[in-house]
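Please read them alongside the coordinates.

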There are 2 protein chains.
Amino acid sequence: MVAPSSKVSRRGVISALAATPVLPAVFRGAARAQTGAGDPLPSWNDGPAKDAILEFVHTTTDPSSANFAPPPERIATFDQDGTLWVEHPIYTQVVYCLDRVSIVAKAKPGLADEQPFKTVLSGDRKAIANLSTDDLLKIVVATLTGMDVDQFRDEAKAWIDKARDARWKRLYTELTYLPQIELMTFLRGAGYRTYIVTGGGQDFVRAYADRIYGVPVEQVVGSAGGLSYEYGPDGRPKLIKDPKLLLNDNFAGKPEGIHLMIGRRPRFAFGNSTGDRQMLEYTKAGAGARMAMLALHDDGNREYAYGPAQGLPDTKIGTFTQELYDQAGKDGWIVVSMKKDWKRIFAFD
Amino acid sequence: MVAPSSKVSRRGVISALAATPVLPAVFRGAARAQTGAGDPLPSWNDGPAKDAILEFVHTTTDPSSANFAPPPERIATFDQDGTLWVEHPIYTQVVYCLDRVSIVAKAKPGLADEQPFKTVLSGDRKAIANLSTDDLLKIVVATLTGMDVDQFRDEAKAWIDKARDARWKRLYTELTYLPQIELMTFLRGAGYRTYIVTGGGQDFVRAYADRIYGVPVEQVVGSAGGLSYEYGPDGRPKLIKDPKLLLNDNFAGKPEGIHLMIGRRPRFAFGNSTGDRQMLEYTKAGAGARMAMLALHDDGNREYAYGPAQGLPDTKIGTFTQELYDQAGKDGWIVVSMKKDWKRIFAFD
């Protein structure tokens, strides 16, 4: 299902994109899948990955099957960044944080002269790209904490409704992978509840998950900070976002978050990086039929190519190591080649 | 809706219980409510509390009402101990911990000679009742942590299936309040999702909440500890319960837990003590119709009488202060008198 990525230049990518027509017929195909008629996964190429999904859903929902899963047990968990939408060249939430710095600086006059905020406000892309982890943490704390949870949600919603990425000039919410939207819809149609289990901020993802993935807020498990309960000047209580990290929902934090917020071991899990390894292990360790999948970003033409598994370029964001690739083969996880297994990647393709 | 408790002796309680016949006709009434026919709350006496519930459900589910709540927003949260089942003379989970000490002591030979375990194993009820908070914490850590979450669930399930309380000689799972089971069933029938939001251990309550309340594990929000991800000798991953407290789901921890695990402000909340105050405040602070209720334990005859609100006996477990009572009156929360508002308290009455 996986082939080494072809190295494609930036110019090549842009040409390829310019040449790609919008195909309304395939939109109709996706709509048909939602009503259960025809192919439920029209953006997936025929092949072992698609076959495995169809077989898994059939065997776990057929009451006569030995692998039948009772409806309450039908839990499907999806990583977000790199699994449901684009995570390169930088996580969307980091863009949000950087964008918020100017707004936060207006509210706190001295901040603009302090580092790392001064660098962010300078707009010097190279200097921003070189910020240390400590610097980024300061930016995260300044932009994601200190406000009421309702205010945070409203601000994040307003931003995500307008913000566009630099490569496609599209809304970030358009950079979701169409095959995955079809897969989530297909699973829900089969009685699975689809959860997002993300290393990203739970409150950030909640601001748009229902609208773009059909995943309601209570089915978003993510990294979360503590909250302070305070009273406003009008006496009304508020939940203020604290800088204290409560759950780092990455690596071993993923099964921990799953147990904390769902309390059931998933039947199905989909990730794309080493941060998803424990979630997939935990899923597969349960009794009965369980399925674990990993998306491999091997399509530099239509999206991005990175690994370093299978000789793909190395990356700091969404690392898919050769070790993870080998573990997938050994443990029966299915690696999905975005290049070979996905007929279309985006709805706008 | 509330009257001061009559002081009833222990002997009086026992006589009253002995004289109470089982009334199968009322069981049929409860069954009818579940199918939507007839009175949905047959164990509630007619009066302002019952009227307020019926009016709230009507106004939030009638599409022509200005107070209509869309189905995804229909979240109802219930405290457990003292709100859904008996919490006196001691929390059921504490009984579980004390019962587990002998099992834990067998597995760890030296433990039986150490305090406070030695005291617990002595069976000296007075000495056990006088254990300090630090002692209890040691017992909690020894009995609720260190094992795999699946093992914990299985052990808790096995215990709750057999353990009986000292007063009624009934299973603890029979000590649920019938009016509350009717209320949860009624709310669910109206499209509300019922959550338990408990200061008790989330994993403990999950072991039986579905069976006795119809609340699935993913709708139990409770105090929760951290988890360690470890591999067993067979290489299979395990989630081990850590002694580190992640969420103390009491007082301000309740709205915090609600935001973390549900992500929506409840429309309806029901508690019985000062530990529920912030949950009720947070619920009522939302826009549109919101309802907050508190059960007052003013029926020493059929259950227990404690406050100290309204001159009821003071208590360390499930404290309902006069200040909370006054806040309820001021903020439009409804205080439910177990004596006056509940026709029956238990299904076995």
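1. The cover over the buried residues of H3(A) includes helix H9 (178-189), E5, E6, E7 and helix H15 (338-341) of chain A. Contact here means heavy atoms within 4.5 Å. The buried set itself consists of Ala49(A), Lys50(A), Ala52(A), Ile53(A), Phe56(A), Val57(A), Thr59(A) and Thr60(A). Buried is under 20% relative accessible area, exposed over 50% and partly exposed in between, with a 1.4 Å probe and protein chains only.

2. This is a predicted model, in which local features need pLDDT of at least 70 and side-chain atom pairs count only at pLDDT 80 or more, while totals for chains, interfaces and linings use all residues. Side-chain values use heavy atoms, without hydrogens and water; residues are numbered from 1 along each chain as its sequence is written, and chains are lettered from A and ligands numbered from 1 in the order in which they are written.

3. Helix H3 (residues 48-61) of chain A has 14 residues and should span 20 Å at 1.5 Å a residue; its end C-alpha atoms are 20 Å apart, so the two agree. The expected span is 1.5 Å times one less than the number of residues. Helices (H or I, at least four residues) and strands (E, at least two) are DSSP runs numbered from the N terminus.

4. Chain A holds an open sheet of seven strands with mixed pairing, in the order E4-E3-E2-E1-E5-E6-E7. Strand E4 (237-247) and strand E7 (334-337) of chain A are its edges, each pairing on one side only. Two strands pair if DSSP finds at least two bridges between them. Strand E6 (residues 291-296) of chain A runs parallel to E7(A), with four bridges; in one of them, Ala295(A) has Val336(A) as its partner.

5. Which strands does helix H13 (residues 277-284) of chain A touch? It packs on the sheet against strand E1 (75-78), strand E2 (193-201), strand E5 (268-271) and E6 of chain A, and its direction makes about 160 degrees with that of E5(A). Axes are lines fitted to C-alpha atoms, for helices over the stretch in contact, and angles run from 0 to 180 degrees between N-to-C directions.

6. The axes of helix H12 (residues 253-261) of chain A and H13(A) come within 7 Å and cross at roughly 55 degrees. Lys254(A), Pro255(A) and Ile258(A) of H12(A) meet Gln278(A), Met279(A) and Tyr282(A) of H13(A).

7. Chain B superposes on chain A by a rotation of 180 degrees with 0.0 Å of shift along the axis (RMSD 0.0 Å), which is the relation of a two-fold axis.

Terms used
Least-squares fit on C-alpha atoms with pLDDT ≥ 70 in both.
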